[in-house]
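Morning, everyone. Please look at the sequence and the structure on the screen, and I will walk you through them.

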Amino acid sequence: MRVATVRITPIAVPDVPLLNTKGVHGAYFLRSIIEIETDDGLVGVSETYGQARCLFGLQQAADALTGLDPFNLNDLARRVSDALPDAGGINGPTMLTDHKAVDVIYGAFEIACLDLQGRALGRPVCDLLGGAVRDEVGFAGYLFFKFAKPSDQFGDDLFGEVMSPNALVEEAEALAGEHGFKSLKLKGGVLEPELEIETMLKLRERFPDHALRIDPMGAWRVETAAGICKTLGGILEYLEDPVRGMDAMAELAAQTDMPLATNLVVVEFEQVFEAHRKGAVQIVLSDHHYWRGATGAVTLGRMCAAAEMGVSMHSNTHLGISLAAMLHVASATPNLSHDCDTHYPWTGHDVVEGERFEFRDGRLAVPRGPGLGVSLDREALQQLHALYRENSVKDRDDTEEILRYIPDYVGKVPRW
Ligand SMILES: [Mg+2]
């Protein structure tokens, strides 16, 4: 079995104006759908970021995969790094962290290769990652402050404007009611800290037994965050990236018992050592998209076990192929200590054939079919590809996007 063809299809998926500390989501989110076809006719699929630099890297490396044995992931890694000698980082200038293009591109192709391996063997991907330690995976309801979707943007809105603690609690009631989530995560760093504290206290009152977390994405200075840790001590299961940078996280960690989590200061293996040495972080968020694929994400889990850190899972806006890969990774990560993040309930679209993934009590079953256990809906793929072609925006820039709502907005992290 050798790789014959690689197809990369960029898509644009209608999104809603979800806020974070650097701005707001645009009318669409962008993804790349990857198909790797072998000389014996098997097709492995994958999904990753769709911004221009990622797409360019995928296209640049795709030709180098011809003739690859999908079981030889070391050869895949060598081919990708040889094809992208000076690729650098993948994120735009207003993002709060960067990921190496070679890690993201390798990871995207690795998932398709694992899908091929599983299809060839008739086994699910989690079996190739060391085996399933759980058959279903718990997810957190992902709560956002948001604007109402402007009438000139294509696609449906959800919940209208949500810009106050009470409106956010209503959003949480709706999401938890529909999907049964037992954990709730608020994307913070949007409103004044006092209002976000009030929101978390109201969530605690309304959901006395739920695990709660907030992620202000570095929006707070150390003194601000230290005060918030005192107020929310015992309320949160963890606080995610309250302050910006490894040293600020370490400074805060020295002043509080609140567990600190991150997907911003530990995004490469070397940083696990630094975070451990500095005592900066207690929980690392895994994500196969930038942790060098599913095998990298499982390796991260092992490193965290050695460093006595917990593991949770990060989510970017995504569809069902990424969700299936997340499920296999979560299933094969023994020390996954928290419910995973997912944006999936925020989109009604997918490129996966058949029924959408359906949460039961906030949990999803790990697919048991061969490979990732999902198949591509080519008609849906072509529809979303057509939206990509019509859409002039080819990169994500939340800070640019928020200017249409707040013309004098000035990006600032930390802000408070
Ligand atoms: Mg985060």
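The C-alpha centres of domain 1 and domain 2 lie 23 Å apart. Keep in mind that this is a predicted model. Where do the bounds fall? The assignment gives domain 1 as 3-127 + 378-390, and domain 2 as 131-365.

Now the contact between them. Domain 1 puts in 38 residues, and domain 2 puts in 43 residues. Stay on the side of domain 1 that touches domain 2. Several elements supply at least two residues each, including strand 1 (3-14), strand 4 (28-38), helix 3 and helix 12 (378-390). Which element gives the largest share of that side? Helix 3 does, with 7 residues. By class, that side of domain 1 divides into 24 nonpolar, 7 polar and 7 charged residues.

So much for the totals. Next, helix 3 itself. Helix 3 covers residues 101-121, and helix 10 covers residues 293-306. Their axes come within 6 Å and cross at roughly 105 degrees. Angles of 65 to 115 degrees count as roughly perpendicular, and therefore helix 3 and helix 10 are roughly perpendicular to each other. Which residues make the contact? From helix 3, Tyr106, Gly107, Glu110, Ile111 and Leu114. From helix 10, Gly293, Ala294, Thr295 and Gly296. The classes there are 4 nonpolar, 4 polar and 1 charged.

Now helix 1, residues 52-62. Its buried residues are Cys54, Leu55, Gly57, Leu58, Ala61 and Ala62. Look down the axis of helix 1: the buried residues fall within an arc of 160 degrees, so they line one face of the helix. The general rule is simple. An α-helix has 3.6 residues a turn, so residues three or four places apart point the same way. What do the buried residues of helix 1 pack against? Strand 1, strand 4, strand 5, helix 2 (73-83) and helix 3.

Last stop, alanine 226. Alanine 226 lies in helix 7, residues 222-232. Is it buried, exposed or partly exposed? A residue needs 20 or more other C-beta atoms within 10 Å to be buried, and 12 or fewer to be exposed. Alanine 226 has 18, so it is partly exposed. Beyond residues up to four places away in sequence, alanine 226 touches Leu252, Gln255 and Thr256. Valine 366 is 140 residues from alanine 226 along the chain, and their C-alpha atoms are separated by 39 Å.

Note on methods. Residues numbered from 1 in each chain as written. Predicted model: local features only at pLDDT ≥ 70, side-chain atom pairs only at ≥ 80, totals over all residues. Axes fitted to C-alpha atoms, helices over the stretch in contact; angles between N-to-C directions. Helix = DSSP H or I, 4+ residues; strand = E, 2+ residues; numbered from the N terminus. Parallel < 35°, antiparallel > 145°, perpendicular 65-115°, else oblique. Contact = placed C-beta atoms within 7 Å. Nonpolar A, V, L, I, M, F, W, Y, C, P; charged D, E, K, R; others polar. Domains from an automatic or database assignment. Arc of directions from axis to C-beta.
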